[in-house]
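Subject: Structure for your review

Dear colleague,

Please find below the structure that I am handing over to you.

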Amino acid sequence: MATLNAEYINPFLMAAKKILQDMCFVEVKIQKPTLREASFGPDMWVIMIGVTGEMRGQVMLVFTKEDACRIASKMCMTEITEINDFSASALSELGNMVMGNAATVFSSKGIGIDITPPVLSHGQLNFMGSYAKSLCVPLEIPDGHIDLFLAVRPEE
């Protein structure tokens, strides 16, 4: 099982921080990454996007309901208190923007990746993968946090 080095981690972190700051108007503090099982409780919302091309795997943005509503409210510029079709669309678009930005950063380094459409899931979820280790990078935002899970590796 391959592990990621900074060359492959930093573009995802740069993209997540930039999009959250530019589109959601929140300051982001990147916390220490850890290897962690991708297992989420019943109150969690997960945006999962697949990565193909010169890197393969999945990237997940994980929120509590409160943090998901807070981010959707910032994106939609209106108060969001429930995850409905409108707010779910905003959250999925957040995933698209983060990953599209990451793909651009990788492209500038000569690494071509493609992304799959985002899947927004809710509830008790457990992902067990042997393809790549899951690296969890907590992203602190005012009054909350988002976990960025990276389970990708360069194509061999």
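This is a predicted model: local features need pLDDT of at least 70, side-chain atom pairs count only at pLDDT 80 or more; totals for chains, interfaces and linings use all residues.

Residues are numbered from 1 along each chain as its sequence is written, and side-chain values use heavy atoms, with hydrogens and water left out.

Aromatic pairs

Rings of Phe, Tyr and Trp (for Trp, its six-membered ring) are taken as a pair if their centres lie within 6.5 Å; planes under 30 degrees apart count as stacked, over 60 as edge-to-face, and the rest as tilted. The count by this rule is two aromatic pairs. One of them joins F12 and F106 edge-to-face, with 5.1 Å from centre to centre and 65 degrees between the planes. This pair links distant parts of the chain, since F12 belongs to helix α1 (residues 6–24) and F106 to helix α3 (residues 85–108), 94 residues apart. Helices (H or I, at least four residues) and strands (E, at least two) are DSSP runs, numbered from the N terminus. Both F12 and F106 are buried, where buried means under 20% relative accessible area, exposed means over 50%, and partly exposed lies in between (1.4 Å probe, protein chains only).

F40 and F149 have ring centres 5.1 Å apart and planes at 85 degrees, so this pair is edge-to-face. The pair also connects distant parts of the chain: F40 is in strand β3 (residues 38–40) and F149 in strand β10 (residues 144–154), 109 residues apart. F40 is buried, because its relative accessible area is 3%; F149 has 1% relative accessibility and therefore counts as buried.

Helix α3

At the start of α3, a side-chain oxygen of N84 comes to within 3.0 Å of the backbone nitrogen of F86. After α3 comes G110, with a positive phi near 80 degrees.

Salt bridges

Side chains of opposite charge can pair when their charged atoms come close. With a salt bridge defined as a side-chain nitrogen of Lys or Arg within 4 Å of a carboxyl oxygen of Asp or Glu, a search of the whole structure finds four. Among them is the bridge between D147 and R36, whose closest N and O atoms are 3.5 Å apart. D147 is in strand β10 and R36 in the loop between β2 (34–35) and β3, so distant parts of the chain, 111 residues apart, are linked. D147 is buried, with a relative accessible area of 7%, whereas R36 is partly exposed at 36%.

K65 and E82 also form a salt bridge, at 2.9 Å from N to O. Because K65 lies in helix α2 (residues 65–76) and E82 in the loop between α2 and α3, this pair ties together parts that are 17 residues apart in sequence. K65 is partly exposed at 28% relative accessibility, and E82 is partly exposed at 46%.

Another salt bridge joins D67 and R70, with closest N and O atoms 2.3 Å apart. Both residues lie in helix α2, three residues apart, about one turn of the helix. D67 is buried, with a relative accessible area of 5%, while R70 is partly exposed at 28%.

With kind regards

Note on methods
A polar contact is a pair of N or O atoms within 3.5 Å; within protein, one must be able to donate a hydrogen and the other to accept it, and residues adjacent in sequence count only if both atoms are side-chain atoms.
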